[in-house]
Each structure stands twice: as C-alpha cells, then as structure tokens.
Amino acid sequence: MINPPASFRWTRRIFLLVLAVFTLVPVLVMLSSSLKPLQDVQGPFRWIPSTLTFRPYVDIWKTVPLGRYFVNSLIVAGGATVCSVVIAILAAYAVSRYRFKGRRVFTVTVLSTQMFPGILFLLPLFIIFVNVGDSTGIALYGSRGGLILTYLTFSLPFSIWMLVGYFDSIPRDLDEAALVDGCGPIGALVRIIIPAAIPGIVAVAVYAFMTAWGEVLFASVMTNDTTRTLAVGLQGYATQTDVYWNQVMAASLVVSVPVVAGFLLLQRYLVAGLTAGAVK
Amino acid sequence: MRQRLSRIGLPYLLLLPALVMELLIHLVPMVVGIVMSFKQLTQFFIRNWSEAPWAGLGNYRMAVDFNAPVGQSLLHSFWVTCSFTVLVVGLSWLIGASAAIMMQDSFRGRGLLRAAFLLPYALPVYAAVITWSFMFQRDTGLVNHILHDQLHLTSDKPFWLIGDNSFSALVTVAVWRSWPFAFLTLTAGLQNIPRELYEAAAMDGAGIWQQIRRITLPSLRPVSQVLVLVLFLWSFNDFNTPYVLFGKSAPPAADLISIHIYQSSFVTWNFGSGSAMSVLLLLFLMLATAVYLFATSRRRGADD
C-alpha cells in the first residue's frame with residue numbers, strides 16, 4: 001500500500017492491538033492461573049496470583065494419571081505421524097511423477113473425504129471396531145492401534161496434497177538423471193526426491209502430529225481407561241463438586257508446549273504448504 | 001514385457017497403502033453407515049449388528065418428522081448450526097482479511113505479531129477451549145470479572161455456559177479459533193499482488209480505501225472462494241469446540257448438529273437413527289457445496 005494516511009495508520013494500530021489482546025488473553029489466563037494457589041481460582045478472577053506457586057505443575061501428575069495420558073498421546077500421535085508421512089510420500093510420488101488412469105479420480109476422492117463430517121464415520125467405525133474385535137480377537141476398539149489407524153487417515157488427504165505440490169516443484173531432470181544412472185524408481189525417490197523435499201515433509205509431519213494430538217471426538221469414544229489420551233484425560237480435573245482450575249491451566253500449558261513449539265519453529269514451511277493449495 | 005508391466009503397475013503399487021487406508025477408515029464405514037441408517041440398530045445389536053432388524057425408511061421418517069420431539073430438536077439444532085456457521089465464517093473472514101490487509105506493509109514487530117496471531121491455530125483444541133470455559137465461568141471467570149466487576153455493564157453476573165448466552169460464548173470461541181486460518185490464507189493471497197499496481201493507483205490519485213476496494217479485495221476473491229468453503233465445512237461440522245466448552249451436554253441454544261447426533265446416539269444407544277441423521281447431514285453438505293461451487297464458478301465465468 002502506498003502512503004497510507006495517518007487515519008489509516010491509527011485505525012491499523014488500534015485494530016491490531018485489540019486483535020492481539022483478543023488472541024492472547026486466553027494464553028495469558030492459562031499462564032497466570034497455572035501459577036495460582038487453589039483459593040485464587042475459586043474466588044473472583046484475578047490477574048496476578050496472590051502467591052506465586054509451582055504446586056499445580058507438581059499436582060497435575062497426581063490428580064489424574066497425566067503421565068499415562070501423555071505417553072498414550074505421544075504413541076498415538078507419533079505412530080499416526082510416521083505412518084501417515086510414509087504413506088503420503090509414496091502416494092504423492094505416484095501422483096507427481098506418473099501419468100496413470102484414475103489419477104484425477106484418486107486425488108478428488110481422497111480430498112473430498114476431508115469434507116465428510118467425522119460423526120458420519122464415528123458410529124460405523126465404532127460398530128466395525130467392536131465387531132472385528134469380537135470375531136477375530138484383534139482389539140481395535142479401545143486400543144492405541146485402532147486410534148493410530150483412524151488418525152493417520154485424517155491427515156492423509158491434506159498431506160498427499162501438500163507433498164504433491166512440493167514434489168512438483170522439484171525439477172524432473174534430477175530424478176530422471178538418477179533413473180538413467182541406474183537407480184530404480186524407489187532409489188530415485190529415496191536419494192533425490194525425499195532429500196530435496198525435506199522442508200515439505202517436515203511440514204506434513206508437524207501437521208499430522210498436530211491433527212492427531214488435538215483430536216477429541218474419536219478419542220472420547222474409542223479409548224478406555226488405559227489407552228485414554230490427553231484430549232479426554234484433561235477433563236479429569238473436574239470432580240463432582242470442584243474443578244481444580246489452576247491444575248487444568250497448568251496441564252493445558254504442558255500439553256500445548258510440544259505442538260506450539262513445533263509449530264512456531266516450523267511455521268514458515270507449514271504456512272507455505274497450508275496455503276499453497278488455496279492460492280493455486 | 002515384465003518391465004513394462006511393472007512400470008504400469010508401479011504407480012498403483014505406490015498408491016496402494018493410501019487407498020487401503022482410505023477404504024478402511026472412510027469409504028467402508030461410510031457404506032456401513034448408510035446401511036445402518038436403514039436398520040433398527042439399538043443397544044441390543046451393537047455387538048451383532050448384522051442381526052439388527054431392517055427399519056426401512058423408519059429412521060429417516062423419524063428424523064424429519066418435525067411434529068415429533070426427535071425431528072423438532074433436529075430441526076432446531078440445524079438452525080442453530082446454520083446461524084453459528086454464518087456468523088463464524090463471516091466474522092472469521094472479516095477479521096482475517098482486515099488483519100491480512102493491515103499487516104501487508106512491514107513494520108517493527110510484524111513477525112512477532114504474526115506468530116502471536118497463529119497461536120490459536122497451533123494450540124490443541126482441548127487446551128485452548130478448556131481455558132475459554134474457565135474464562136466463561138460465572139463466579140470465577142475473567143469475562144464476568146471484566147463485564148460486571150470492572151465495567152459494571154451488567155446488573156448481575158450472567159451465566160455464559162448455560163442458557164441463551166451460551167450461543168454467543170460458542171461463536172466467540174469458534175471465531176477465536178478459526179480466524180487465524182483465514183488470516184494465513186488471505187495473507188498468502190495478498191503476496192501475489194504486484195506492488196506496481198498500488199503505485200499506479202496512487203499515482204492516479206486513489207486513496208488508501210480506494211486501493212483496498214479496487215485492488216486488494218478483487219484480487220482476494222479466488223482465495224476467498226476456497227477459504228469460505230473450507231471454513232463453512234469446518235464450522236458446520238464443528239464438534240470439538242462445543243464438546244470441550246460445555247462438557248457432555250450442550251445447552252439447547254448451542255446445540256450444534258454434530259454434538260446433537262453424538263448425544264442422541266450415545267445417550268439412547270440408537271445408532272440407526274444417529275446414522276440416518278449423519279447421512280442427512282452429509283447430503284445437505286454435498287448439496288450446499290455443489291450449489292456453492294456452481295454459483296462461484298458461474299460468477300467467475302461471467303467475470304472473464
């Protein structure tokens with residue numbers, strides 16, 4: 001924009017300030033309340049803790065088995081991420097480098113599953129998991145494996161789409177030269193394409209991890225006491241009569257750190273990938 | 001010959017894992033869901049669903065019988081979801097577009113501000129929304145502390161998570177969560193505008209608002225078309241926000257369709273009627289998407 005007048009500059013300042021407050025207030029509430037003693041969060045709201053305490057950060061692990069939920073979430077999100085990234089790399093390689101029958105149908109179908117409401121799969125998947133478990137003994141319902149299978153497909157469509165974009169931007173001459181040199185197609189993928197697309201692959205991995213780490217609907221139905229993830233476990237700080245809000249806030253902060261840190265570190269790649277499709 | 005065959009087969013082999021997963025988790029359950037919607041699938045048949053008796057169109061008839069309680073509450077939930085979606089998509093776009101336009105020129109601290117704006121998108125849903133539910137508590141929350149204790153705007157501390165106010169609370173949280181995505185996408189869209197365009201307009205004497213209206217907004221249209229569709233589908237299907245904000249039972253004023261289906265399925269364990277409602281929801285979304293794509297592509301055609 002050229003020579004914005006003072007009125008515009010002031011509008012801009014005020015608007016961005018208000019927006020920053022709106023955006024950050026929950027984060028500040030989370031931070032300040034996680035350092036409060038219990039009586040501070042049981043009375044009228046206050047910004048500054050009456051006494052600064054780190055007790056909530058110690059207590060969160062005892063009030064509910066947060067450690068176990070954390071490990072479960074790590075296993076589920078990590079497993080889903082690894083599987084999803086590997087499957088997406090293979091599929092994106094095929095779509096980017098080969099012209100074959102059904103190429104368009106494949107991409108459109110996969111992308112359109114993204115629009116279906118989760119609730120539509122939830123009931124049948126629940127029934128299928130329960131019945132498969134009863135007839136074959138493979139425990140999918142209530143298991144981390146079942147959740148990994150489910151979550152990897154949530155990030156798959158977008159991951160494939162983003163990676164196709166990344167792979168397309170790698171010059172074909174590079175992998176064709178590798179093919180001439182006697183690499184097989186898989187050799188070309190592993191030696192040329194994957195190293196060249198590392199930023200894209202990392203972005204996809206962060207996206208897949210965030211998707212699995214934050215999922216609530218399936219986690220609330222498909223897990224039991226031993227496989228419960230953070231998404232459901234965090235509600236355990238509310239008892240019949242009381243909610244330990246200081247501990248809830250501390251736990252929220254602790255579970256946010258891994259994904260927020262990853263997101264902010266890799267923001268640039270992720271943003272490029274997330275928006276590439278929409279701009280195209 | 002063998003080599004040729006393997007060359008033709010290779011792309012399909014590469015796609016196989018993705019196809020199998022999509023089939024297993026999306027397409028098969030979808031078909032099963034459609035079959036279920038024609039069955040009388042109550043709690044007695046959960047572990048043995050193939051033996052559930054057929055219901056014909058019974059589940060659908062019950063869902064759309066707007067004179068009976070089931071249909072009435074479904075229709076109510078549908079309207080709540082519609083108004084929720086319109087508000088969330090509209091406000092998210094408006095805030096996202098304003099922020100994107102105002103952060104086009106670089107200034108000190110822009111990078112930091114941008115990172116801060118992306119926080120709601122990066123935070124796990126349940127951690128963020130549970131914080132909002134703490135802020136909306138009647139006696140101990142921040143919202144009433146500001147509105148009542150400090151600004152004295154209300155005569156009494158209002159409830160935010162039950163009753164009619166719960167709708168505003170839900171919209172606030174949902175907008176807070178989804179505007180950063182609009183901001184992100186629109187920012188990317190703005191980067192395609194050549195600076196010369198603004199320079200030429202400024203030379204011709206166009207003021208700042210005219211530059212925005214004549215150059216910025218029209219060039220955001222293609223991005224906005226996709227963005228609005230994505231936001232629409234997200235908001236209409238939103239389950240996480242109300243589920244974490246209100247706990248297991250959403251108040252009627254904030255009874256979004258996903259949570260409505262979830263509750264009526266798992267409270268009554270009648271999966272047949274829940275599936276019928278899900279199928280109806282899918283049909284509506286497909287119809288709305290088709291109409292939207294048709295309308296926007298025709299418009300685009302008319303512009304060319």
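Here are a few notes on the predicted model of chains A and B.

1. Ground rules. This is a predicted model, so local features need pLDDT of at least 70 and side-chain atom pairs count only at pLDDT 80 or more, while totals for chains, interfaces and linings use all residues. Residues are numbered from 1 along each chain as its sequence is written, chains are lettered from A in the order in which they are written, and side-chain values use heavy atoms, with hydrogens and water left out.

2. The interface. 100 residues of chain B are in contact with 91 residues of chain A (contact: heavy atoms within 4.5 Å). Between them the two chains bury about 8,700 Å², 80% of it on carbon and sulfur atoms (buried area: the accessible area, with a 1.4 Å probe, that two parts lose on being put together, summed over both).

3. Charge across the interface. The rule finds 1 salt bridge here (a side-chain nitrogen of Lys or Arg within 4 Å of a carboxyl oxygen of Asp or Glu). D105(B) forms a salt bridge with R12(A), with the closest N and O atoms 3.6 Å apart. On the side of chain B that touches chain A, α1(B) gives the most, with 19 residues (helices are DSSP runs of H or I, at least four residues, numbered from the N terminus).

4. A residue to look at. H152(B) sits in the loop between α6 (142–150) and α7 (165–190) of chain B. Its phi is near 50 degrees, a positive value in a residue other than glycine. H152(B) counts as exposed because its relative accessibility is 59% (exposed is over 50%, buried under 20%, partly exposed in between; 1.4 Å probe, protein chains only).

How values were computed:
Helix = DSSP H or I, 4+ residues; strand = E, 2+ residues; numbered from the N terminus.
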